[in-house]
Protein chains: 2
Amino acid sequence: VTAPEPIAVELGPRSYEVHVGLGNLDATGELARAVAGSAAVALLTNPTVDALYGERVRASLEAAGVRATTIAIPDGERHKNLETLGRIWDRLAEARIERGGALLALGGGVVGDVTGFAAATWLRGVAFAQVPTTLVAQIDAAIGGKTAIDLPGGKNLVGAFHQPRFVLADVRTLLSLPEREYRAGLAEVVKTGAILSSGLFELLERESDRVLARDEELLLRIVHECAGLKARVVSVDENEGDLRAILNFGHTLGHAVEMLQGYEGLLHGEAVSIGMAFATGVSTTRCGLAPEPGGRLLALLGRFGLPTRIPGGLSPRALARAMEADKKRTAGRVKFVCLEELGRTRFENLATDDLAPMLASHMGVNDG
Amino acid sequence: VTAPEPIAVELGPRSYEVHVGLGNLDATGELARAVAGSAAVALLTNPTVDALYGERVRASLEAAGVRATTIAIPDGERHKNLETLGRIWDRLAEARIERGGALLALGGGVVGDVTGFAAATWLRGVAFAQVPTTLVAQIDAAIGGKTAIDLPGGKNLVGAFHQPRFVLADVRTLLSLPEREYRAGLAEVVKTGAILSSGLFELLERESDRVLARDEELLLRIVHECAGLKARVVSVDENEGDLRAILNFGHTLGHAVEMLQGYEGLLHGEAVSIGMAFATGVSTTRCGLAPEPGGRLLALLGRFGLPTRIPGGLSPRALARAMEADKKRTAGRVKFVCLEELGRTRFENLATDDLAPMLASHMGVNDG
């Protein structure tokens with residue numbers, strides 16, 4: 001087991017550690033025991049991840065003397081909804097998870113988001129922990145306590161801030177990710193570099209072959225660095241004031257595209273990649289981003305095989321309306337994250353009336 | 001308008017005031033404006049309360065320049081569920097309630113609980129306020145930030161601690177309560193006296209005629225005193241440690257009875273009255289409560305026309321199982337609130353295996 005020092009998320013009484021390692025999945029039981037003691041816990045996962053890692057995690061829990069009930073959540077963002085949540089709550093009642101118990105999320109962002117929200121609300125709040133197994137979850141979603149479900153009216157409209165008690169990221173689980181999902185995760189890695197660390201961005205450019213080949217040691221370094229950057233942002237700004245909101249770079253349009261496609265077709269990271277391409281254009285025209293770094297960002301997305309074009313069939317007007325429904329919006333204006341240069345951002349308040357023309361211009365079509 | 005000084009709930013950054021008065025409903029708009037500014041708010045209420053007070057509250061909001069969308073919640077505890085919550089979330093999306101907006105709960109405990117939980121989770125938490133119009137809500141449920149919905153598996157199993165930004169209790173709204181609902185509310189008033197204030201308890205005994213006649217000035221005094229006691233408990237113990245848990249006197253069995261009856265038949269206060277009668281018996285046999293004050297408690301419940309007998313058809317075993325499902329339980333033991341004397345409580349840890357025999361003995365039946 002290779003494991004650097006745990007990363008601290010500093011939030012006073014809600015502080016916790018992020019354990020990034022290679023082969024450290026077997027430490028889950030010991031960490032869970034420290035949280036739940038002898039109380040029953042629920043292990044929430046999806047069938048795919050369960051088949052790959054469920055037994056190992058259950059063995060680790062059992063070895064540590066933790067009683068666990070497994071609750072399966074169907075795969076995919078379209079199941080991050082009220083129906084899944086209701087079924088989880090019913091299963092928690094059946095499993096008699098008590099106030100001293102805990103929920104463990106083993107899987108990607110969907111499992112983590114819905115498990116965290118179930119934990120935030122079960123008995124008015126019980127402990128939970130994140131054991132992320134996708135790249136997006138390890139570097140971003142599992143850290144910071146944002147939990148949510150989607151509604152027909154929009155993504156993540158319902159949720160809670162509820163911090164996990166620990167995050168355990170075994171980078172080796174990334175080796176089993178389908179190629180497309182792995183690359184979608186790279187979109188968030190690129191985002192992290194673009195908004196927070198030009199050094200990380202340059203590393204990705206320089207080592208793109210090894211990144212695509214999933215070199216273990218390099219992945220460990222990248223996940224550790226991204227998780228550390230995320231932890232620092234969350235430590236300063238737990239409840240999404242301005243600092244944390246910069247993490248939404250590429251997400252305003254990305255969420256709109258996902259919503260209009262009914263969360264089918266594109267993966268979240270792919271939608272974010274498309275959103276970053278649009279945000280790069282806005283950054284160039286409105287926020288003084290030079291063409292060269294903008295071009296490098298687009299090129300790196302391309303190198304990782306990520307889409308940058310808005311899917312056919314989506315009109316500027318429909319996209320603009322969907323962006324208006326996003327919750328990062330107040331009184332007719334969207335708070336848009338711009339790049340000024342690689343590693344530095346600022347907010348640009350866009351009038352929602354300007355969105356459709358800007359999208360039309362970006363897409364090279366009429367504002368129809 | 002008669003209004004004593006507002007009562008302070010002292011919770012640091014989450015502090016707020018409880019405004020108890022006669023005819024102060026028209027102050028809603030001004031208080032809401034201070035919370036939501038020019039953002040859109042949602043007024044949640046049920047059809048009965050809406051018909052009585054909806055227009056007055058909307059007029060007050062309009063006069064203060066607050067834009068409000070009314071969302072109706074069906075009447076009754078059996079609608080405090082996932083389905084109602086899902087419909088509220090969808091309506092909040094339609095009404096475009098933003099992060100700076102707020103939800104207002106106009107009604108009894110059901111409206112308050114579900115509105116508070118919707119506010120705790122909408123966009124990961126928006127402001128809300130309580131405008132309680134029932135006796136139970138004015139003296140208890142609206143104060144303290146406990147929000148919840150019920151599941152088929154038990155009452156209030158899902159929820160959040162989310163403090164309101166203000167509570168406005170117009171005691172005059174109690175004059176329109178149906179007699180039975182008013183008396184059910186008196187059960188919680190009696191409970192408050194029994195556990196926290198022998199002075200209040202004696203006032204209720206002495207003035208029981210005026211209480212039943214709903215004398216305005218007396219009601220103002222009683223609501224103000226109960227709200228003040230509740231505010232003090234919450235200020236010391238926001239998240240239900242030991243102090244706040246004493247408010248559950250009579251509720252462990254009360255919830256079990258409600259659950260087994262599918263939240264139909266008995267009102268909440270009536271179930272609590274039945275629960276208090278059982279708790280009085282337990283207090284006498286296990287916690288050293290003298291027979292005389294125990295008898296006075298039963299007599300006062302009787303004076304207010306409240307039920308004290310467990311409904312026919314419920315077996316001790318079924319009740320015991322339902323009590324075990326209650327969330328005030330850890331590892332095979334129920335934390336039961338006992339009276340030592342009027343105004344003083346302590347916890348008695350009851351083994352769940354002892355519950356059925358104790359209930360059978362209380363009911364004078366076999367432990368079947």
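Student: Before we start, what does "buried" mean here?
Tutor: Buried means under 20% relative accessible area. Please keep in mind that this is a predicted model.

Student: What is its phi?
Tutor: Phi of A:Asn156 is near 55°, which is a positive value in a residue other than glycine. Most residues other than glycine have a negative phi.

Student: Moving to chain B, what about phi of B:Leu123?
Tutor: For B:Leu123, phi is also positive, near 55°, and this residue is not glycine. B:Leu123 sits in the loop between H4 and E6 of chain B. With a relative accessible area of 4%, B:Leu123 is buried.

Student: New topic: what volume does the largest pocket have?
Tutor: The volume of the largest pocket is about 1700 Å³. The pocket is lined by 44 residues, and those closest to its centre are A:Phe161, A:Asn239, B:Arg14, B:Phe161 and B:His162.

Student: Which helices and strands supply at least two residues each of that lining?
Tutor: In chain A they are helix H4 (109-121), strand E6 (127-132) and strand E8 (154-161), and in chain B likewise helix H4 (109-121), strand E6 (127-132) and strand E8 (154-161).

Student: Which one gives the largest share?
Tutor: H4(A) does, with three residues.

Student: How does the lining divide by class?
Tutor: There are 20 nonpolar residues, 12 polar ones and 12 charged ones in the lining of the largest pocket.

How values were computed:
Residues numbered from 1 in each chain as written. Chains lettered and ligands numbered in written order. Predicted model: local features only at pLDDT ≥ 70, side-chain atom pairs only at ≥ 80, totals over all residues. Heavy atoms only, no water. 1 Å grid on protein atoms, 1.4 Å probe; cavity = no way out; pocket = protein on both sides within 12 Å on 5 of 7 lines; lining within 4 Å. Points joined across faces, edges and corners; volume = space filled by probe spheres on them. Helix = DSSP H or I, 4+ residues; strand = E, 2+ residues; numbered from the N terminus. Nonpolar A, V, L, I, M, F, W, Y, C, P; charged D, E, K, R; others polar. Buried < 20%, exposed > 50% of the residue type's maximum accessible area, 1.4 Å probe, protein only.
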